[in-house]
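Work through the following exercises with the sequence and the structure side by side, and try each task before reading its solution.

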Amino acid sequence: MDLVGWHFRRAVVTGGAGFLGSHLCEELIARGTSVICVDNLCTGTERNLAGLRSDPRFEFVAHDIARDAYHVDDVDLVVHLASPASPVDYSRMPLETLRAGSSGTQHALELAERNGARFLLASTSEVYGDPLRHPQSEDYWGNVDPVGPRAVYDEAKRYAEALTSAYGRHRGVATRIARVFNSFGPRMRPDDGRVVSTFVRQALRDEAITVHGDGNQTRSLCYVDDTVRGLLAVAAGDRPTPVNIGRPGEIPVRGLAELVRSLAGSRSPIEHVAAAAGEPRRRCPDITVAISELGWRPEVGVVEGLRRTMEWFTADAASGQRRVRA
Ligand code: NAD
Ligand code: UDP
């Protein structure tokens, strides 16, 4: 997809050593943008950046964006991805997650303001909480428990959206917000606890596939390459208010377990374990805005995405270290 109005020369990507961030850094470089990746490696790894380290247009800076401001001149795009993102990670790092969404977003916005740069926040479908409306469109305000087990992540992102909007309205920063739905693909950590990485790891080892609860809860899964194109479409687009980036098509978690097992040719039993507390029962994006205003839509189906993901997990396990590119 050609991005009309694409003109970014030098970008800062916070959280660029993570799953989505490393793919985004690669895509930016491929489109001719120099990239400074700012990451404290709390859930990311420099191995994800192996393919970029020798590129003169790429720079890695070890820095905690939630703790200290980050100063650099001459950037025209700031993308704020830095935050623990899997439920296992944010439950392990609750205060760090709140800080990444609050002070981290503030510092990233200050960087954009000083540079007169465009700012893109990677928000999440979690702002919709356990939604009472299906599918979720951007004008739905959500159903979030502010003191529940997911609150550290959900409310941090809701605050981050409010802060971003305030910088847009009152400080003249050109702000953009992408509400990213569940994404998957190469470079997910096998132990990150997310559903695709966990099921793929278990299936490839013929271990029991652990379905939480009855498995009737649904998610809509988007392949990483599509998500990254979506983020860039939001960044390059004109819309200051949030845009859903996800792949419509709900799949029940039990059905996903069966699909992964079958694609892997695995002998794994499917085991129902305790349900996760406070989690959404259904989630599905309405992407009318992304299609009509940005010309973006996902292109990779779930089966094809799972095949590519499994191929990468297999190669990763065989090599003992991360492969550079899927
Ligand atoms: P990830 O954990 O792989 O990447 C997050 C990166 O941020 C890591 O490299 C981590 O080390 C870094 N980081 C965290 N706190 C930091 C801090 N204080 N300072 C500097 N770096 C810090 O997660 P991901 O899946 O790549 O998610 C990236 C972003 O996209 C997150 O903001 C997440 O909320 C959002 N998102 C992701 C998904 C998804 O399905 N992957 C869905 C919705 C939203
Ligand atoms: N899930 C599961 N088994 C696992 C990991 C996750 O059944 O080993 C379920 C989880 O309870 C949720 C769905 O899969 O219903 C998606 O979980 P994930 O952590 O990937 O994302 P999120 O809940 O944040 O959407």
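In these exercises, helices (H or I, at least four residues) and strands (E, at least two) are DSSP runs, numbered from the N terminus. The model is a predicted one.

**Exercise 1.** Describe the span that UniProt lists as a domain.

*Solution.* Begin with the record: an unreviewed UniProt entry lists residues 12–246 under "domain: NAD-dependent epimerase/dehydratase". Next, turn to the model, where this span is 35% helix and 19% strand, and where its end C-alpha atoms lie 23 Å apart.

**Exercise 2.** Find out whether the length of helix α9 agrees with its number of residues, and which of its residues are buried or exposed.

*Solution.* First, take the 18 residues of α9, residues 302–319, at 1.5 Å a residue: the helix should span 26 Å, and because its end C-alpha atoms are 25 Å apart, the two values agree. Second, list the buried residues, which are Val 302, Gly 305, Leu 306, Thr 309, Met 310 and Phe 313. Seen down the axis of α9, these fall within an arc of 135°, and therefore they line one face of the helix. On the other side, Glu 304, Ala 318 and Ser 319 are exposed. Finally, ask what the buried residues pack against: their partners are β7 (183–184), α5, β10 (222–223), β12 (250–252) and α7 (253–264).

**Exercise 3.** Characterise the shell of residues around ligand 2.

*Solution.* Start with the 15 residues around the ligand, of which Arg 194, Val 195, Thr 198, His 212 and Ala 276 come nearest. The elements that give two or more residues to this shell are α5 (195–204) and β8 (209–212), and β8 provides the largest share, three residues.

Note on methods:
Residues numbered from 1 in each chain as written. Chains lettered and ligands numbered in written order. Predicted model: local features only at pLDDT ≥ 70, side-chain atom pairs only at ≥ 80, totals over all residues. Near = placed C-beta within 6 Å. Expected span 1.5 Å × (residues − 1). Buried ≥ 20, exposed ≤ 12 C-beta atoms within 10 Å, placed from the backbone. Arc of directions from axis to C-beta. Contact = placed C-beta atoms within 7 Å. UniProt positions renumbered as here; feature names shortened; annotations may be inferred.
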